Amino acid sequence: MAVNRDSNVYTIIFATIMVVVVGGLLAFVSMGLKPLQSANVSNEKMQNILQAIGIEETDGVSREDAGKMFNDFVKRRITINYNGEIVSDKTSEDAIDPTDKLDAFNINLRKEYSKYVKPIMNTYKGDDAKIQEALGASEDIHFPIFVCENQGKMYYVVSASGKGLWDDVWGYLGLNDNASAITGSVFDHKGETPGLGSKITEDWFQDQFIGKTIEENGAFAPIKVKKPGNELNEHQVDGISGATFTGVGVEEMLSRNLNVYYRFFKGNPEFTGTKIIEEPIIEEVLNDSTLINLNDSSVVLSVIDSI
């Protein structure tokens, strides 16, 4: 039987078959490329973290090499909550499991900012106390810390996410061994204006942060992004001409996130090299021959046999 190729039925059947065949091929190709795409995303993140350390050995590291070098420099991956409590602590010996959502490497700061942080900030806009209370109460907001080591010296890479003029801005910052000064920085954005806000990814902007301090007189000092051309102090960098709102976004995200990290490091001196002075133990023997620690009478050191 001859097929009438000019009929509507033939056209509909032909179009349906083509949609099914082409759609199936595209889905097959997409599934096949997914592992490669995931590896590229992972390597890019490693590249940003390594570059943020701010050392010569990882300066300009390629995306491909970043995957090979990551564990050579990143020795621990720690996740804390807003209150500075550690919720995950992995070493370089622990493989990165994509299903472990609390692993610092898997923390999706942009997603957490959009889904949890921004609604809180909008709800309590102008009331910092309420914002901090709500952020501290959330169990969905995390802060990754990458403990890095090079030639016996410690560095800490932390990250931040916020809102620029049009969409998300984010970045990674390296901190020195006592978490008081910035050693390196990497910033990125989703949709800032080309030639203006997009310049936060350029070296001249990022390099300004190196050597800036986040501490003054023993307290947190936020980094300020100022209008270009003004005299700057140790907590300030030049903004970008024509990109005021992007600079405001960078300043806000750094202030909000670095304050959390600063409180964590100062509350956990084992990370920042601060020597903990141990109180000498004072002992006393009670009438029942029990030897106790007078620093803490609840601690019974031993029971002395009666003579």
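A contact here means heavy atoms within 4.5 Å. Among contacts in the protein chain between residues at least 6 apart in sequence, 49% join residues at least 24 apart. This is a predicted model: local features need pLDDT of at least 70 and side-chain atom pairs count only at pLDDT 80 or more, while totals for chains, interfaces and linings use all residues. Residues are numbered from 1 along each chain as its sequence is written, and side-chain values use heavy atoms, with hydrogens and water left out.

**Overall make-up**

- The protein chain has seven helices and 13 strands; these are DSSP runs numbered from the N terminus, helices being H or I of at least four residues and strands E of at least two.
- Of the 307 residues of the protein chain, 39% count as buried (buried is under 20% relative accessible area, exposed over 50%, partly exposed in between, with a 1.4 Å probe and protein chains only).
- The protein chain exposes about 17,900 Å², and carbon and sulfur atoms supply 53% of that area (Shrake-Rupley method, 1.4 Å probe).

**Annotated span**

- An unreviewed UniProt entry carries the annotation "transmembrane region" for residues 12-33; such annotations may be inferred rather than shown by experiment.
- In the model, residues 12-33 are 100% helix and 0% strand, and the end C-alpha atoms of the span lie 31 Å apart.

**Helix 2**

- Helix 2 covers residues 63-73, and its buried residues are Ala66, Met69, Phe70 and Phe73.
- Seen down the axis of helix 2, these buried residues fall within an arc of 140°, so they line one face of the helix (the arc is that of the directions from the helix axis to the C-beta atoms).
- An α-helix has 3.6 residues a turn, so residues three or four places apart point the same way.
- Glu64 and Lys68 are exposed on the other side of helix 2.
- The cover over the buried residues of helix 2 includes helix 1 (8-53), strand 1 (74-81) and strand 3 (142-150).

**Strands 5 and 6**

- Strand 5 (residues 168-175) pairs with strand 6 in the antiparallel sense over seven bridges (pairing requires at least two bridges found by DSSP).
- Tryptophan 170 stands opposite aspartate 188 in strand 6.
- The two strands form a hairpin with six residues between them, and alanine 179 in the turn has a positive phi of about 55°.
- Strand 6 (residues 182-189) is mostly covered, with seven of its eight residues buried.

**Salt bridges**

- The count comes to eight salt bridges, each being a side-chain nitrogen of Lys or Arg within 4 Å of a carboxyl oxygen of Asp or Glu.
- One of them joins aspartate 103 and arginine 77 at 2.8 Å, N to O. Aspartate 103 lies in the loop between strand 2 (86-91) and helix 3 (109-123) and arginine 77 in strand 1, so the pair ties together parts 26 residues apart in sequence. Both aspartate 103 and arginine 77 are buried.
- Aspartate 100 forms a salt bridge with lysine 90, with the closest N and O atoms 3.5 Å apart. Aspartate 100 is in the loop between strand 2 and helix 3 and lysine 90 is in strand 2, so this pair ties together parts 10 residues apart in sequence. Aspartate 100 is partly exposed, with a relative accessible area of 22%, and lysine 90 is partly exposed at 25%.
- Aspartate 167 and lysine 190 meet through their side chains in a salt bridge of 3.9 Å, N to O. Aspartate 167 is partly exposed, with a relative accessible area of 25%, whereas lysine 190 is exposed at 54%.
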